[in-house]
Amino acid sequence: MKTISFLGSPRRNGNTAALLHRVLDGIYHDNDAEREDSIFLHEKNIKACNGCNACKLEKNGICIIKDDMQDLYRQIGKSELIILASPIYWWSVTAQMKLFIDRLYGINKDCGRKKVMMLMTYGGELPNSGPETVEKLFREICAYLHLEVAGVLGVCTETCEVKDNPSALQRAFEMGRNI
Ligand SMILES: Cc1cc2nc3c(=O)[nH]c(=O)nc-3n(C[C@H](O)[C@H](O)[C@H](O)COP(=O)(O)O)c2cc1C
């Protein structure tokens with residue numbers, strides 16, 4: 001399955017990256033040749049949505065902001081599965097991920113049925129309204145954009161980093177393999 005994945009953590013090799021890479025291990029367990037690097041949002045030039053509504057006002061409208069999103073729109077258009085991975089920061093996603101999600105306002109709702117997966121890591125044990133809030137907003141965004149929710153996985157990192165958490169790594173691998 002043609003997959004594009006977005007890492008919203010500023011830590012390239014942190015918990016969220018470990019979780020994301022394990023899901024990708026599962027997706028590509030028998031076909032590693034097709035695997036592509038995840039997009040590290042922290043190093044992308046993604047400007048904030050300016051609310052101009054150009055993407056909505058014209059038929060087949062596209063976002064008029066000229067930055068790295070233009071290439072990412074093209075890549076998303078070619079993908080069947082989109083994975084968003086973010087730590088919880090202040091009961092929400094990181095600023096890097098929020099900038100990216102706001103710019104998804106510009107994608108065409110009728111761009112074909114795509115699947116989307118949300119991965120989260122967070123410090124506070126459940127119950128924790130941060131990951132619950134993010135899961136809710138993720139599901140609502142998918143419904144609005146006519147995208148299919150392929151799965152949501154959250155892992156608490158307070159006492160154990162993802163890389164040292166075999167059960168979390170196993171769940172991530174299975175989630176990718178079963179897609
Ligand atoms: C600025 C900041 C804000 C955070 N806010 C929350 C929060 O609201 N809830 C929570 O459970 N964890 C919070 N955390 C903890 C991170 O979500 C957690 O450590 C996560 O696993 C980090 O992922 P990373 O290793 O990919 O950077 C916060 C961490 C930082 C640095």
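1. The shell around the ligand is made up of six nonpolar residues, ten polar and one charged. In this count Ala, Val, Leu, Ile, Met, Phe, Trp, Tyr, Cys and Pro are nonpolar, Asp, Glu, Lys and Arg are charged, and the others, Gly among them, are polar. Of these 17 residues, G14, T16, P87, Y122 and G123 come nearest; a residue is near a molecule if its C-beta atom, placed from the backbone, lies within 6 Å of it. At least two shell residues come from each of α1 (15–27) and β4 (115–122). Helices (H or I, at least four residues) and strands (E, at least two) are DSSP runs, numbered from the N terminus.

2. The model is predicted: local features need pLDDT of at least 70 and side-chain atom pairs count only at pLDDT 80 or more, while totals for chains, interfaces and linings use all residues. Residues are numbered from 1 along each chain as its sequence is written.

3. The largest nonpolar core has 41 residues, and L19, L20, V23, I83 and L119 touch the most other members. The helix α1 gives the most to this core, with seven residues. Such a core is a set of buried Ala, Val, Leu, Ile, Met, Phe, Trp, Tyr and Cys residues joined through C-beta atoms within 7 Å. Buried means 20 or more other C-beta atoms within 10 Å of the residue's own, exposed 12 or fewer, and partly exposed in between, with C-beta atoms placed from the backbone.

4. Beyond its neighbours within four places in sequence, L20 is in contact (C-beta atoms, placed from the backbone, within 7 Å) with S5, L7, S38, I83, A85 and L119. L7 also stands opposite F40 in β2.

5. The open sheet has five strands in the order β2-β1-β3-β4-β5, with parallel pairing. Its edges are β2 (39–40) and β5 (148–156), each pairing on one side only. Strands pair if DSSP finds at least two bridges between them; β1 (residues 3–7) and β2 have two.

6. Y28 lies in the loop between α1 and β2. Y28 is partly exposed because 17 other C-beta atoms lie within 10 Å. Y28 and R177 are 149 residues apart in sequence, yet 7.5 Å apart in space, C-alpha to C-alpha.

7. In α4 (residues 95–103), Q96, M97, F100 and R103 are buried. They lie on the same side of α4 because they cover an arc of only 125 degrees around the axis, taken from the directions from the helix axis to the C-beta atoms. The buried residues of α4 pack against β1, α3 (69–78) and β3 (81–87).

How values were computed: Two residues are in contact if their C-beta atoms, placed from the backbone, lie within 7 Å.
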